[in-house]
Each structure stands twice: as structure tokens, then as C-alpha cells.
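The following note sets out a few points for a colleague who is examining the structure.

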Amino acid sequence: MDLLRFCLVLSCCMKFGSSVFSSNAPQAPAPIPTEKLLVLTMATKETDGFHRFMQTASYFNYTVKVLGMGETWKGGDVGRSIGGGQKVRLLKEAMENLADQEDLVILFVDSYDLIFAGGPEEILRKFQQANHKVLFAAEGLIWPDKRLADKYPLVRSGKRYLNSGGIIGYAPYITRIVSQWELHDNDDDQLFYTKIYLDPLKRESLNMTLDHKCQIFQNLNGAVDEVLLKFGSDRVRVRNTAYNSLPVVVHGNGNTKMYLNYLGNYVPNAWNYEHGCSHCDDDLLDLSQLHEHPDVLVGVFIEQPTPFLPEFFQRLLTLDYPKDKLKLFVHNNEVYHEKHIQRFWEENRDTFKSFKVVGPEENLSQGEARNMGMDLCRKDATCDYYFSIDSDVMLTNRQTLKLLIEQNRKIIGPIVTRHGKLWSNFWGALSLDGYYARSEDYVDIVQRKRVGVWNIPYMAHVYLIKGTVLRDELKERNHFVLEKLDPDMALCRNSREMTSHREKDSPSPESFHMLRSPKGVFMYITNRHDFGRLISTANYNTSRYNNDLWQIFENPVDWREKYIHTNYTRIFTENHLEEPCPDVFWFPVLSEKACDEIVEEMEHYGLWSGGKHEDKRIAGGYETVPTDDIHMKQIGFDKEWLHFLREFISPVTLKVFSGYYTKGYALMNFVVKYTPDRQAFLRPHHDSSTFTINIALNNKNTDFQGGGCRFHRYNCSIESPRKGWSFMHPGRLTHLHEGLPTTNGTRYIAVSFVDP
């Protein structure tokens, strides 16, 4: 009984003690309601950066109030020197009506170079956990007065220095801070806040601290190497690897604007692996709903010798866009190309709304010519778009112009790449000195593993600019001549920089008001479609008669499109070949253009052998069965012709002579000329080859009469050769053959003795 009484007493004591201790234990504060968070930001104009900021704020349902919209910016170029005081003044004015709301949390952030990566609930939770009344963003670099570094409180881990691009705190405390502002708009906001923070008494009375470990604010300046993208199923976050934190606010301060643009291509929901691009269809312009298509000025720039220029013009002509809505401006810097332009102008001068050509006689630099073309659109109020395209861009998508217009961006270009290479018309990042750097996503974008519309720092060769942008934002005539930069780099730098360039890096405070308003025009490229490719202009020799023939190595795709028969692939897909005689196969291989240009090249060279037995061009100097010919080697085309054999003849050989793998090598590659008065026929003979190809280079009954080939063993003749078609037959033992007489005109054939 005593034991039972003792247990009851002990139990009561424990319950009483537990209740006492639990009542004394601190309770976790209730979460701050999201309606108690007000975001204040400052923007004098609705730049592209501002719209991006508002888009991310809207995604997370932040309540945002914008200060200063429509005002003249007098706060200087804060990205390059001191300034920003105008922001403090505007915040001070705004807080006069908010100061008495003790439970209101104010988040004051920049807008042009800032995005949200998380929502109000998260930012309020982290603010509560900080357990201070005011929290400033922090960074690892001190600005603007390095002499103040030693006065900062020491931190065991994290960023030590204050950054004014992000402040969160209760309204009364924010008011107490900004009420101390008595300076000018062009004084420095960060220095103002820094001096308050460095005062120990004020720091304590205002209960201020810094977000040392980037729980809320991530300043990118000096911290780019710490930041990675963290892909989720619905959202993309920025992760700080130094502190393993997921910041809510990402600020591209200093010279990190372009890196912020890269992050903004993903954060918070712009693109992810599950859903792809979520903003690509935002604000699309539906051309079908317009009364008429917009007017476009097309600027064509031929700044160096460029292969396949006639084909370039043909693709331009076949763009699916009303030609009466296109004006053409062509700058040609190459005398060699004047014949091509003259021909195109004569055939199409009435096709376009207008057609202006500026030739090499004007002696314009690239930058000056591009300024001229762009200014034609800027000065023409009816010019809705300016489409700039270099002659080394081969647009294969006829819808390119429509697709770019419909995407409805200020500046946008289609991605075009060099065949088989990662070389393209854009850079995903820039190095510290302003030149090429490869972004993490560059290869995936080029290879279309990531498809979307991408904000990038540099593009070239082909792009579309809205006419209103030229007249309202890129007003200056000169955008292509800047220091030692090439014209496209100058344009991109002028477009993306937040303010116009100055002659001095550090103007006096009195001159800040002279700086023009921010531009910060975003430039986009799209890989939502295949648009075309870049031509290689390297090693383009213009000393020959038909120079494109030599482009089989540098530009194999364009070479094939121009010079290979349109039905060549049907050999393999539809068995499109014939066997007119036993083991003599007949198939299409060269286009009419290839045949014509090879003949022209040979006639331009002109040194036909005359069909003599003595021939110093071959080993031994004697030809048993001579032809009136010119060797490919004589015109410097032997290497290219052998490559043609390997690429286009060898696959046919494997198809028709199953099991035989040709080396694709030939010592004798030549063009034969048959005429009644020089050499009309060729006597019966065997070829010194495993197999021979014989390609007809012109048309029977149009260019010549007679001709053909007879195979004696089979008493089989082929008397109607087709231009661009090739015979393929064994060279030795079984196929003794002769060239039948050409009775009128001139017959040309290209011959190779393969695998001698």
C-alpha cells in the first residue's frame, strides 16, 4: 500500500513539474502571413530586365510596388561607379506612409538585374529564422570604400560585406534607417547603408545583420563560381555550393549581368528537363490575325569572298514572305561578287519593294555599312523590322522570317551552325575580357538537346530587330563601330550594356545626370526549329573559274546540294539504277550544274592533250590508247575528285558489286573531249582499273550527235548517255570497249580508272 501511495505522489509531482517547465519554454513564433510582405522596387523605365523581374515576382505571387516609374534617373551608373542615392530617396518617401505598420515586412530590392527563385512563404520563414529586425544582403567584395573593410564585424563563416541591392525588415525599422538620408540622388546608397551598419550603436538599436550565408540574398559578383543550377520537376533553383543554401533572391550585381541572364533562362520556371520551355509561347504575334504582313528591311552583307553566293540569293528569294513587304539593302565589299549581284539584281529588281546596292567602290568599313543598313530602317517610320543576314548564312527553312517575327522579341536570331561542328552564330557566355567563353548549356543548345528561346550575350551573322526598338531604344546611329571590336560584338555590347559608354570610367558626381537612361536590351536566339547553317569562308580561293567546285571539304553539305544529282539517294532507297549491259551499271550522280562547271573549268584551262601517244603527264610518257583530255590534277582538282569518288562512287560500288570494298583511289582522273575534227572516237581497249566510271557531262542531241560506248564481249552498246549519269563497269579482262564516233558537236565525259 505504501508503495502504491508513493507511485501516485511521484506521478503527480512529475505532471506538475512538466506543466511548469512547458509553460516556461519559449514558443516558436507564428509564421508571418504572406499578406504582410510588401516588395518595394525601383525602376524609372520598363526595361527588359524589369519585365523579367516582374515575371518572376508574378510567378510567386509577390505583392510589388514600383517606385520612380517615369522619373528621370539621376542616380548615376551604379554598375560602374558610385551612385544610387535616388533609390534611397524614393524608399524614404514611400516609407512615410508605411512607418506605423509594425507587423509589415518590407523587402526592398533592385529590379533591372534581379530575379526571384523562391516564394513569399520561404523568404518570410528565413527572415524569421535570422531573428533580426533588418537583414541586408551580403557579398564577399567591399564597395565602394575599401578603407572601411577593417571596421566590419568579423564573421567566422560567410560573406562579410553589406550589399544594398537587397534589404528585408519590419517597416518601422526600415523607416528609421532611410529617414537618416539627407544626401543627393547621385550620392552612393551602399555607402550610406554601410556607414549606418558599421556604427555599433545603430547596428544594435536597429537590430541589423547581414545575410552572411546567402539564405535569402545571392549576390553574384565575386560568387559566380559558388553558384549552380538545381533542376527540380517543376522549378529550377540556384544553389550556393559554399553554404549549401537555396537563395530566394538572385542579384546580378557588378559585372555579372550576363551570368544572371544565363540563370534567368532557367530560374524559376523558364526551362526544365520535364517541361522544356515554359515562356516560349508567351506574347506570340499571330501573323494570320494581322491585316497585312509587317514591312521588313533585309540587310545583306557580303564582307568577304563567300562560296555559294548564287544559292544564298536563291534561298533569300524563296523565303515564305510577301515580297512586296520586303525592301532589300545589299552591301558588297568584294569585286569578285559583283557579277553575282548584278545577275540577281537584273532578274529580281522588280520583285522586292525596293532594292539598294552599295558596292566596293564606296569603300565602307563593315561597321559603317551595317550602321547604314540599320539606319535605313530607323529613319523609315514604315519599317517594322530590320532583318540582317550575312552572306555566309544558308537559310534552309523558308519560314525563318515569319517564325522570328512571331516570337515577338526585340532582338532575336535563329541558331545556325557550321556543319559537323559546334561552331554557331552565338556565344552562351563571355570571358572577363569580353570575348568567347563556353556556357554550361552551349553544346546542348547547339545540338538541340535543350530547345527554347535563350537570352544570350552575343550573336552574329543573322538577327531580327524591331523597328520600334531602333527608333526608341537604340536611337544612336552608330552601334557597330566601337573601339577595336568587330561590328557584331560592338552591336551586342551597345545593346546589352545598361548605359551608354563613357570616355572616362569614373566621371565626377556632377556629371552623373548626363548619363543616358539604361538600355539593357535583351538579345535572344531560338533553336525551336532547324533554320539552316553557316558557310565556311575559310580558304575560299577565287582565282579559278568556278570556285565553288573546290568546296567539297570546307562545305560538304552545300557542295552536295549544288553538285550531286537530285536522284542520287534514290539509288539506295528505290534501287534507281539500270544495267543496260552485263555488269555495266548506269546511275545518276552529278547535277547539271556540276557538269556545266566542270566543262567550263576545263575549257577555261584550255590545254587539251590532242589525243597524242606521247604524254609526259603519265608514268613512262606514253599512252597506248590516248584521248583528247585534261587531267583533274592539271587544274588542281585531283584531291577533291578523289574525295568525290570515296563519298559518292564507293557506296554505289558496294551496292552493285556486293562484297567488293573499293579503296576509292585512282591515278587517272580526266575529262575527255570528243569532236569530229579532233578526236571523234576511241578504239577498243581495256582500262587499267578494277572498275571505271564514265560520267556524261553534256546532252546528246542538244550538244552533240552520235557518241556512246560499245562492249564487245556482250555485243552491247549504250548510245544515249544522260547528262550527269555515270557508267560503272569492270576495267580489265571482261569489258573490252570502245568509244563510238561523235558525228557532230562536242561531247564531254569525266573518267576515272578506280583501284588500278
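Predicted model: local features only at pLDDT ≥ 70, side-chain atom pairs only at ≥ 80, totals over all residues.

1. Helix α4 is followed by N131, a residue with a positive phi, near 60°.

2. Helix α4 itself spans residues 120-130, and its buried residues are P120, E122, I123, L124, K126 and F127.

3. Which strands form the open sheet of three, and in what order? The order is β4-β11-β8, and the pairing is mixed. Strands β4 (114-116) and β8 (217-219) are the edges, each pairing on one side only. From one strand to the next, the twist averages 15°. The pairing of β8 with β11 is parallel and extends over three bridges; within β11, V249 is the residue that stands opposite F217.

4. V250 is one of the residues with the most contacts inside the largest nonpolar core. Setting aside neighbours within four places in sequence, V250 is in contact with D113, L114, I115 and A117, and also with Q218, L220, V238, L260 and L263.

5. The largest nonpolar core has 52 residues. Besides V250, the residues with the most contacts inside this core are L263, F426, M459 and I525. Helix α15 (residues 487-496) gives the most to the core, contributing four residues. Apart from this core lies another, of 45 residues, which includes I535, W641, V652 and F691.

6. A further point concerns the packing of two helices. Two packed helices are described by the angle between their axes and the distance between the axes. For helix α3 (residues 85-95) and helix α6 (residues 189-198), the axes come within 7 Å and cross at roughly 65°. Because angles of 65 to 115 degrees count as roughly perpendicular, α3 is described as roughly perpendicular to α6. On the α3 side the contact is made by G85, K87, V88 and L91, and on the α6 side by D189, F192 and Y193. By class, the residues of this contact comprise four nonpolar, one polar and two charged.

How values were computed
Residues numbered from 1 in each chain as written. Heavy atoms only, no water. Axes fitted to C-alpha atoms, helices over the stretch in contact; angles between N-to-C directions. Helix = DSSP H or I, 4+ residues; strand = E, 2+ residues; numbered from the N terminus. Parallel < 35°, antiparallel > 145°, perpendicular 65-115°, else oblique. Contact = heavy atoms within 4.5 Å. Nonpolar A, V, L, I, M, F, W, Y, C, P; charged D, E, K, R; others polar. Buried < 20%, exposed > 50% of the residue type's maximum accessible area, 1.4 Å probe, protein only. Core = buried A, V, L, I, M, F, W, Y, C linked by side-chain atoms within 4.5 Å. Pairing = 2+ DSSP bridges.
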